[in-house]
2 protein chains.
Amino acid sequence: MTETRVERKERTRRAILDAALHLCEDSSLVALSLRQVAKEVGIVPTAYYRHFESIEALGLALVDESFVSLRAMLRDVRRGDGATGGAAGGYAGIVDSSVSILVEHVHQQRQHFRFIARERAAGPLSVREAIRHEIELCERELATDLARLPGTEEWSGDDLRVLSNLIVTAMVATAESILAVSGRPDVEKQLAENARTQLRMVLVGALHWRSKP
Amino acid sequence: MTETRVERKERTRRAILDAALHLCEDSSLVALSLRQVAKEVGIVPTAYYRHFESIEALGLALVDESFVSLRAMLRDVRRGDGATGGAAGGYAGIVDSSVSILVEHVHQQRQHFRFIARERAAGPLSVREAIRHEIELCERELATDLARLPGTEEWSGDDLRVLSNLIVTAMVATAESILAVSGRPDVEKQLAENARTQLRMVLVGALHWRSKP
DNA sequence: GCTGTGGGTGCACAGTCGTTCACCGAAGTC
DNA sequence: GACTTCGGTGAACGACTGTGCACCCACAGC
């Protein structure tokens, strides 16, 4: 029954992260006070310093944590085991399952996605930079995935990067839209269908694309 | 030399808007205090209430003002008089000049674009909704423009809307990137070129697209 | 079992916050 | 010229902010 000291500390740290994530649901990190977090956790303000030296440091930890969720999603997308079963195959199958996986993960990790979407533009400078860097990594990953797809053999590295940037941008926007309409399943279905259409349009463009020498 | 009373009031109101815009360059509206704005303007906090009843109301005014800038840009894009001179014509010419106009306007109205980019995700609820609504109007405008382009005769209204959503999303992302790298002209040139490539890819996709019945 | 480390407490401080109120004085009205 | 309107002032309030300091006490290592 007794807790070891490191367990106890880790539990409080988790509680702080969760509290911040909860408070960030309808505001931004820059409008979050150390005392609010402490009150939400149930500790005294000064005890906060035992875990983080500032709100900004908390933000960076949340970025790390959130991108664990995001990478888990990318892993699922790469495996291609979406709601459609994956039996469809081909580009259409990839598009359908990828968007399904996106929608699913946005629901399961709503707080993480919301945090990233908001702090990407509004957070402290270091947080914004950290998020931008992580997204750039995601784009690179996607670019190498795209390079393995049939039809992109003659593409330049630049074009692959530009294409994956476009796709990531569109998917980030889709995630933001889904978060914005949270609670209206019919509208959400429509957003997912729009995202699929956009991906198909982009893919049609890609298949007819020839990189300049 | 004497100022009429309404002129004087309008001048202070302008000063408040400018001060808020300036303070929002490296933070968000939700982290902005009435007193900061007042101090920046050079008036006492209570005088602020003569012009706006809250920071949120100020935000809504800034949204209106910012979208005047954005609409001016859209008008230029529609006229197609970009830096390339417009003589090129055809899709390539449209793409080149449109992106040039975007870059140009982002520079000229840096504060407005930055404000919209940030508060779109982080502002008070009413501000977020106002921005979302305005962007949706821009998408509709673009959709009607696209409908006039040769090659989209058989497109469904849905597909036109989805396509313009994709294009607007990509251009918003481009504007955000340009703001993020502010001050590095070489990187910015690259971003603009990437945006042009993305638009071309999307257009290639669109030209080979056939709407489902 | 004694000692020391470290998470958590309580108090205090100097600021800042939004908002109230009574008041001033110049521009506007009659 | 007398009267009103209204943008701006200055003091004051209660609440909240980040942070420093001394302290407590359960767990850790000896």
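How many residues surround DNA strand D, and which are the closest? In this predicted model, local features require pLDDT of at least 70 and side-chain atom pairs pLDDT 80 or more, whereas totals for chains, interfaces and linings use all residues. Residues are numbered from 1 along each chain as its sequence is written, chains are lettered from A and ligands numbered from 1 in the order written, and side-chain values use heavy atoms, without hydrogens and water.

DNA strand D is surrounded by 19 residues, the closest being R35(A), T46(A), Y49(A), T12(B) and R50(B); a residue counts as near if one of its heavy atoms lies within 4 Å of the strand. Of the atoms of DNA strand D that come within 4 Å of the protein, 44% belong to sugar and phosphate. A polar side-chain atom of H51(B) is 2.7 Å from a phosphate oxygen.

Contact between the two protein chains (heavy atoms within 4.5 Å) involves 34 residues from chain B and 33 residues from chain A. The buried area (accessible area lost on being put together, 1.4 Å probe, summed over both parts) is about 2900 Å², 66% of it on carbon and sulfur atoms. On the chain B side, L166(B), M201(B) and W209(B) lose the most area to chain A, together 21% of what that side buries. Two salt bridges (side-chain nitrogen of Lys or Arg within 4 Å of a carboxyl oxygen of Asp or Glu) cross the interface. R120(A) forms a salt bridge with E176(B), with the closest N and O atoms 3.5 Å apart.

Definitions and conventions. Buried area = accessible area lost by both parts, 1.4 Å probe. Polar contact = N/O pair within 3.5 Å; in protein donor to acceptor, adjacent residues only side chain to side chain.
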